[in-house]
Amino acid sequence: MNRLNISRREWENWRGQIHARVTTLNGLAQAWQRPLAAPDSLRFVLKSYPLAVTPYYLSLIDPDDEADPLARQCLPDAREVSLAHAGLADPLDEDGRMPVPNLIHRYSDRVLAMVTRSCAVYCRHCNRKRFWKMRQEAGLQSRLAAMVRYVQNAPQVREVILSGGDPLMHDDDRLEAVLAAFKSVPHVEVLRIGTRTPVVLPMRITKDLCRMLRRYRPLWLNTQFNHPAEITKDAARACAMLLEAGIPVSNQSVLLQGVNDSPDVMRRLLHGLQKIAVRPYYLFHCEPVRGCLHLRTSVAAGLALMEELRRDCSGLALPQYVADLPGEAGKVPLLCLSETLKNDLQKHQDFFDNLK
Ligand SMILES: *Cc1c(COP(=O)(O)O)cnc(C)c1O
Ligand code: SF4
């Protein structure tokens, strides 16, 4: 992808990749050396939901394939705005569960700290896309101080999950300051990082980063591979480096229409993850997030998919299929359509409109 005017050295450096990201439709047309279809409707999408793709992730896309499963995850789609009225900006009411800004406390023993709002690639299916255009109100230092103070005063919290945005958008020093601050709380036993960089920016996983991270074990890292084509040599190497540093890597996929909702694709994804020793953890049902509705499947289709995978996959390669429900319910495993589950689901018809 030298059409992006990026040198070999820049390509291998994560900051070079960030710097050379494609963020405009013109940039995309240039990279692909051809005009885009219906650019006007896409320009309209970018007003609500910005575009950012690393040259690395863009290079995995076939520009001639209109149904490319990686393009679907990162390139704008007119339906993000045309269906907008139907979804909810914050379906899990996360904003209502922040005792201090940027810290979500939904489960008693663990909190989720949003330590940045930026990401290497903006995933079109992101359930926090409501944040993309918001300005961060305060600097990291003061936000962090308030979050750590809250955790200090909440002895039931034994796990802190760094999320975002993507925490690995911070440089190593800043990330270490965040990890150190939470680790210094005596009752915090485990740290976790949620990051998509192994998938969209594998150069971010450097030796220096791994050397730093290993000092904060027990530290778990969750990433998000959604399609087997994302398991490249570079991505596999990034995961291997983390594993060698003693950091278990797990995967949280999102079930996405036209990306991974076929048994064949999902089987190849799960087997591929098993081969690189990344443990499939969750398969999320796509929530009715405003701007993501065109990527959703039905729960019935998800259950049928899981039914088929159970036959072909070792338990080590099988994720838990879950829906994240608002309120007290939280993440609910979707196992089969038992009567109880049906009743629960009925209460959330907006989420599971296919089960009416
Ligand atoms: C998903 C989530 C967690 C982590 O849940 P696990 O089941 O432990 O992976 C924690 N806090 C919030 C707010 C979450 O949404
Ligand atoms: S990396 Fe995560 S937070 Fe960032 S856009 Fe993708 S899904 Fe959203």
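**Exercise 1. Find which strands supply at least two residues each to the shell around ligand 1.**

Solution. Strands are DSSP runs of E, at least two residues long, numbered from the N terminus. Three of them qualify: β1 (103-107), β2 (110-114) and β7 (279-284). Of the strands, β1 gives the most, with three residues.

A note on the setting: this is a predicted model, where local features need pLDDT of at least 70, side-chain atom pairs count only at pLDDT 80 or more, and totals for chains, interfaces and linings use all residues. Residues are numbered from 1 along each chain, ligands are numbered from 1 in the order written, and side-chain values use heavy atoms, with hydrogens and water left out.

**Exercise 2. Describe the shell of ligand 1 and its polar contacts.**

Solution. Start with the neighbours, meaning residues with a heavy atom within 4 Å. They include Ile104, Arg106, Tyr107, Leu112 and Lys331. Next, sort the shell: six nonpolar, no polar and four charged, with Tyr counted as nonpolar and Lys and Arg as charged.

Now look for polar contacts, pairs of N or O atoms within 3.5 Å. Oxygen atoms of ligand 1 lie 2.6 Å from a side-chain N or O atom of Tyr282, 2.7 Å from one of Arg110 and 2.8 Å from one of Arg192.

Key: A polar contact is a pair of N or O atoms within 3.5 Å; within protein, one must be able to donate a hydrogen and the other to accept it, and residues adjacent in sequence count only if both atoms are side-chain atoms. Helices (H or I, at least four residues) and strands (E, at least two) are DSSP runs, numbered from the N terminus.
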